[in-house]
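Subject: Structure handover

Hello,

Here is the structure for your files.

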Amino acid sequence: MTTKKTTAATTRKKSATKKVPAIKPKVIAQKIPDLPVNPFAFEVFDAVSKQRSKAKKIEVLQRYNDPSLRAILIWNFDEGVISALPQGEVPYGNNGEDNKMTGTLSEKIGDAVNKMGEMGSPSLGSQDQGRTTIRKEFKAFYNFVKGGNDGLSSMRRETMFINILEGLHPLEAEILILVKDKKLSTKYKITKDVVAEAFPQIVWNTNRS
């Protein structure tokens with residue numbers, strides 16, 4: 001009798017603790033964002049970073065393909081493209097007014113980017129008016145890599161770079177500071193492998209014999 005009661009109790013216990021199969025959530029395909037005409041580089045890179053699959057990242061890059069975008073991706077990921085600029089923080093300009101300011105241009109740009117993050121908007125309002133873009137400035141980037149314009153003095157090269165940074169939208173300027181040190185992937189989820197598949201027409205210097 002005891003055995004039967006024990007068996008019945010055990011059966012009820014097992015029945016009560018029986019796991020119900022989990023309902024798998026419905027997978028919703030990610031939609032490629034519709035960016036403005038001639039988007040900022042940071043808008044494209046942010047859209048790429050938000051994609052969970054490699055295929056989607058490639059799709060975003062291909063949809064918003066532009067010579068300026070490819071130029072900075074090559075500068076960042078091609079080990080054969082060496083920056084002719086000093087690594088690390090970018091100082092302020094050389095004029096007297098700027099020299100009175102404390103900190104570095106890198107920190108100033110970083111502060112602006114952080115403020116945008118706190119506001120939840122990639123804009124500083126009226127301060128963004130009249131800003132240039134990587135799309136407009138990229139043809140001058142050859143001056144900042146070795147073999148591009150080696151006759152340029154270091155001071156002139158750095159002054160040109162600083163002038164471009166100061167005219168860019170802060171999030172665009174941040175990209176250039178990262179790219180010159182090949183650190184784009186510390187901010188955006190983009191790899192050389194993704195770039196190479198998105199743009200098979202790129203001939204990497206590191207692959208040349």
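Contact here means heavy atoms within 4.5 Å. On that basis, Phe45 touches Leu69, Ile72, Leu73, Ile175, Leu184, Tyr188 and Ile190, leaving out residues up to four places away in sequence.

Before the rest, some ground rules. This is a predicted model, in which local features need pLDDT of at least 70, side-chain atom pairs count only at pLDDT 80 or more, and totals for chains, interfaces and linings use all residues. Residues are numbered from 1 along each chain as its sequence is written, and side-chain values use heavy atoms, with hydrogens and water left out.

**The core**

A nonpolar core is a set of buried Ala, Val, Leu, Ile, Met, Phe, Trp, Tyr and Cys residues joined through side-chain atoms within 4.5 Å. Buried means under 20% relative accessible area, exposed means over 50%, and partly exposed lies in between (1.4 Å probe, protein chains only). The largest nonpolar core has 52 residues. Phe45, Leu61, Leu73, Trp75, Ile175 and Leu176 touch the most other members. Two or more residues each come from α2 (41-49), α3 (54-63), α4 (67-77), α6 (105-119), α8 (154-167), α9 (170-180) and α10 (192-198). Helices are DSSP runs (H or I, at least four residues), numbered from the N terminus.

**α4 against α9**

How do α4 and α9 pack, at what angle and how far apart? The angle is about 35 degrees, and the axes are 8 Å apart. Axes are lines fitted to C-alpha atoms over the stretch in contact, and angles run from 0 to 180 degrees between N-to-C directions. From α4 come Ile72, Trp75 and Asn76. From α9 come Ile175, Leu176, Leu178, Val179 and Lys180. These residues divide into 6 nonpolar, 1 polar and 1 charged.

**Lys180**

Take a look at this lysine. Lys180 lies in helix α9. Is Lys180 buried or exposed? Lys180 counts as buried, because its relative accessibility is 3%. A polar contact is a pair of N or O atoms within 3.5 Å; within protein, one must be able to donate a hydrogen and the other to accept it, and residues adjacent in sequence count only if both atoms are side-chain atoms. The Lys180 side chain has such a contact with the side chain of Asp181, at 3.1 Å. The Lys180 side chain also reaches the backbone oxygen of Gly88 at 3.0 Å. Beyond four places in sequence, Lys180 is in contact with residues including Trp75, Leu85, Val90 and Phe161.

**Salt bridges**

A salt bridge is a side-chain nitrogen of Lys or Arg within 4 Å of a carboxyl oxygen of Asp or Glu. By this rule the count is 9.

- Asp34 pairs with Arg63, with the closest N and O atoms 3.6 Å apart. Asp34 sits in the loop between α1 (2-16) and α2 and Arg63 in helix α3, so the pair ties together parts 29 residues apart in sequence. Asp34 is exposed at 61%; Arg63 is partly exposed at 42%.
- Lys54 meets Asp193 at 2.5 Å, N to O. Lys54 is in helix α3 and Asp193 in helix α10, so this pair ties together parts 139 residues apart in sequence.
- Glu59 pairs with Lys56 at 3.6 Å between the closest N and O atoms. Both lie in helix α3, 3 residues apart, about one turn of the helix.

Shared partners also join Lys54, Asp193 and Glu197 into one salt-bridge network.

Best wishes

Conventions:
Nonpolar A, V, L, I, M, F, W, Y, C, P; charged D, E, K, R; others polar.
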